[in-house]
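Okay, thanks for coming, everyone. Let me put the model up and walk you through what I found in the side chains.

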Amino acid sequence: KTRSYDWRVTQLKNMLRMMDEREAEIIAALRDDLSKHEFESCIYEIAMLKNSCKFALKELKHWMLPEKAKTPLTSFPSSAEIVSEPLGVVLIISAWNYPFLLSLDPVVGAIAAGNAVVLKPSEIAPVTSSLLFKLVGEYLDRSSIRVIEGTVPETTALLEQKWDCPVVVDSDTNLQVTAKRIIVGKWGCNSGQTCVAPDYIITTKDYASKLVDALKHDLEQFYGKNPLESEYMSRVVNSNHFSRLTRLLDEDKVSGKIVHGGERDEKTLKIAPTILLDVPRDSLIVNEEIFGPLLPIVIVDKVEDSLDFINSSGGKPLAAYLFTNNKKLKEQFVATVSAGGLVVNDIALHLAVHTLPFGGVGESGMGSYHGKFSFDAFSHKKAVLYRSFAGEAPLRYPPYSKGKLRLMKAIFAGSIFGIISALLGWSKA
Amino acid sequence: MEETLAELRETFKSRRTRPVAWRKKQLNAILNLIHDNEDLIFKALYKDLGKHPTEAFRDEVGVVEKSVRDSLSCLEKWVAPKKRPLPLVFFPARGEVLPEPLGVVLIFSSWNFPIILALEPVIGAVSAGNAVVLKPSELAPACSKFLKETIPLYLDKQAIRVIDGGADVGEKLLNLKWDKIFFTGSPRVGRIVLTAAAKHLTPVTLELGGKCPAILDTISNSAEMKVAVKRIAGGKWTPHIGQACIAIDYVLVQEHCAPTLIELLKKSIREFYGENPKDFKSISRIVNKHHFERVHNLLKDPEVASSIVHGGSVDEEKLFIEPTILVNPPLDSEIMTEEIFGPLLPIITLKDIEESIEFINSRPKPLVIYAFTKDEAFKRKVLSETSSGGVTFNDAIIQFICDSLPFGGVGQSGFGRYHGKYSFDTFSHEKAVLYRNFFPEIGPRYPPWNAFKLLFIRLIYRYDYVGLLLLLLGLKRY
């Protein structure tokens, strides 16, 4: 039943309806779990998911069509195609930082591909988890889509995946725009608790102070003089993560490097946007994934050195960013930096582009999704070959002979002349 | 082994394997390797498996050549970044997907087609620009030795190595961290590979096996029926006497067709191998004593033995088992629950051919389903109601050489795929790249947030350009 086009469309339409009708509850749940501002919830979670559904609805008929494939001379006469079929019953485990989007976006792909689904949302975002249980039960087909809540030791797994997304800032760049985009990509997205948030910046000695000044200026514009009291900033998700982050800040070799921020409030679990300059390369903050509102800046002599730094940093990041006007540097960056995805002159925007695959490589993960890539991730692409009974070739069967070998070689080589001469007994084996 | 891996990592890091010229050089080297050593390869295959040169060419040497030539002619196209259209709201911006190599990859090949199953993945890995370690199967020692000695003479030693040995070597290799592991073999060992890879978060492609069924529908035209049965016989016995992951494992047929099927099969066996297959040069052997005993044991169950209608004789010394046909052995016997991988062909009769669908669905998903039928509605049913790696209608085995079709399994028969461009993709990471400009800057992206900014972005996400215009002109309420 999950295979029919109508079933898939009904589920996706119901999901859209769910978001329209229950938006207020979703925003409230995200605020409870993460102090997420309505803006971030609407844009980074709800609107993105709506777009995902709409895109899938628009393209689904097209995705479900078999893809024709060419057939070689050696299998003439025949026709071939690739048929997408669902894998069966899939398990989706999602994270706590975008608990709504990261739970339902893969579900969109799984449903579009015709699978039955079990969703296990993160228990670290408990209010959203319960809400998902309730809403999925009400709006989606209970016989094929279920939500299971509960504790699974996944917190450690999240930390072990190094997603250190570096940002390289060249001195030849538009500083005003660069600073703004870095800020909104880092602190405007769940206070840095985003898999594609900039983890650290690499820039040259000379440019660093200019960059820090620009960041400070814009941070004040966005969050005011007392960011801990700003309603536009999300909080750290829970006290475990809060302790983890303060431990990174309080490490001896690092605490003296804070050039902005550093304030924290344990009661509200908020940490102010914090910038650190010229941190030692062996400090915890550079080597562990931050996933919070701390932004260290690593200094290099020449901007080209940053590419080596990224490639030798141990794991391939989920995303890597470069801000520059220099065409050659852009080309070098794209060709040599291996990451899940790259963005030049912006942060994280590639997530919203449905025609680009979103996923990691190496330590940052495997597989990709969004748009058609979601559909493909949850499909098996079945190869189908249609043959006719005509065109029987005795040379396929034993007993084998030198003549058959000659003819077969000619056919494989695709040479008409060779085939003719083999048939006439002219060519050598 | 750690040293080899470290050296290959250095080579990969030095970007030596990236230029298209290097990749083409390796591919041409493989072609030369095959051309220069064709006789040696035939000898090694005959020594390990009793394979006749024509079969060896058709299934191994010829396929390698074809694969290399296809890759050479398409490589530039595969390597090029693919532009991706972006919605207007992102203007000005450019999106593309850029394939890049994964790094150092480990390839395990199987013993039944020791040349093609080793070299085909190497072709993909090298086209994609990776460094490679190849571990051929020790059950085909002459071929393994050939690969170990010849590959370094043709391919770049700094980037491509062959490590031979038994299961202990395989285990040690699995403890190291690779950027990709490609495995061809049994589901049992596939599990071991996947478990080891999980520790390092290494992506894996598993090409496993399964019981590939052939459905034979009633075909009224007797000439076509003859062709169908000949192809079934060919699909069972000619790929290495049934020791192939895509060989037909068993046949499902309607009761009343069974006698005709059996007669025609016997005729085909006689045509292929003469009256005394044991003495025949065109017939392969079972690879070794262990597998000989395994296959022979399948016949020892008395209920199975009594279902034999043709063949059944064996010669332990020559590792020969006669092409054997059985009718309706018990469904819970080992011959019907385990992959046969040998020259025994059970025929299961059904009252109605449509029952074949339920029969197949109640068993693990196979690598291929073969269906011989002229009924278009039945074809559609088979396609949409069963799941398998692939489906081939009215023929067998030949889908292996269609490079434009992905070759791989699903469920128990494996995951991941290769051949042609799919080989290139399997060893690549498709990196998403987004290029943005500094202008124009959109104020509403940044805090402090307010209702105007919220509505602005909502409209952008909906691609509601008219709404946006109205908002900007102050004609929309927020």
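Let me start with what I mean by a patch: residues with over 30% relative accessible area and no salt bridge, where like charges are joined within 9 Å and nonpolar side chains (Val, Leu, Ile, Met, Phe, Trp, Tyr) within 5 Å. The areas come from the Shrake-Rupley method with a 1.4 Å probe, and for residues only the protein chains shown count as cover. A salt bridge, for this talk, is a side-chain nitrogen of Lys or Arg within 4 Å of a carboxyl oxygen of Asp or Glu.

Two housekeeping points. This is a predicted model, so local features need pLDDT of at least 70 and side-chain atom pairs pLDDT 80 or more, while totals for chains, interfaces and linings use all residues. Residues are numbered from 1 along each chain as its sequence is written, chains are lettered from A and ligands numbered from 1 in the order in which they are written, and side-chain values use heavy atoms, without hydrogens or water.

So, the patch. V466(B), L469(B), L470(B), L473(B) and L475(B) make a nonpolar surface patch of about 510 Å². L469(B) is part of helix α18, residues 465–472 of chain B; helices here are DSSP runs of H or I, at least four residues, strands are runs of E, at least two, and both are numbered from the N terminus. With 52% relative accessibility, L469(B) counts as exposed, where exposed is over 50%, buried is under 20%, and partly exposed is in between, using a 1.4 Å probe and protein chains only.

Now the rings. How many aromatic pairs does the structure hold over all chains? There are 18. Y200(A) and F309(A) have ring centres 5.9 Å apart and planes at 70°, so that pair is edge-to-face. The cut-offs: rings of Phe, Tyr and Trp (its six-membered ring) pair if their centres lie within 6.5 Å, with planes under 30 degrees apart stacked, over 60 edge-to-face and the rest tilted. Y200(A) is in strand β7 (residues 198–204) and F309(A) in helix α12 (residues 305–311), both of chain A, so the pair ties together parts that are 109 residues apart in sequence. Both residues are buried.

In chain B, ring pairs link F182(B), F400(B), F407(B), Y418(B) and F427(B) into a cluster. R94(B) lies over the face of Y435(B), 4.0 Å from the ring centre, and the charged end of K379(B) sits over the ring of F393(B), 5.8 Å from its centre. For that I ask for NZ of Lys or CZ of Arg within 6 Å of the ring centre and within 35 degrees of the ring normal.

Last up, charges: 47 salt bridges over all chains. E220(A) pairs with K225(A), closest N and O atoms 2.7 Å apart; E220(A) is partly exposed at 42%, and K225(A) is exposed at 69%. K66(B) and D70(B) meet at 3.8 Å, N to O, and both lie in helix α4 (residues 53–79) of chain B, 4 residues apart, about one turn of the helix. Buried or exposed, what is K66(B)? Buried, at 9% relative accessibility, whereas D70(B) is partly exposed at 29%. And R22(A), E25(A), K134(A) and E138(A) are joined into one network by salt bridges that share partners.
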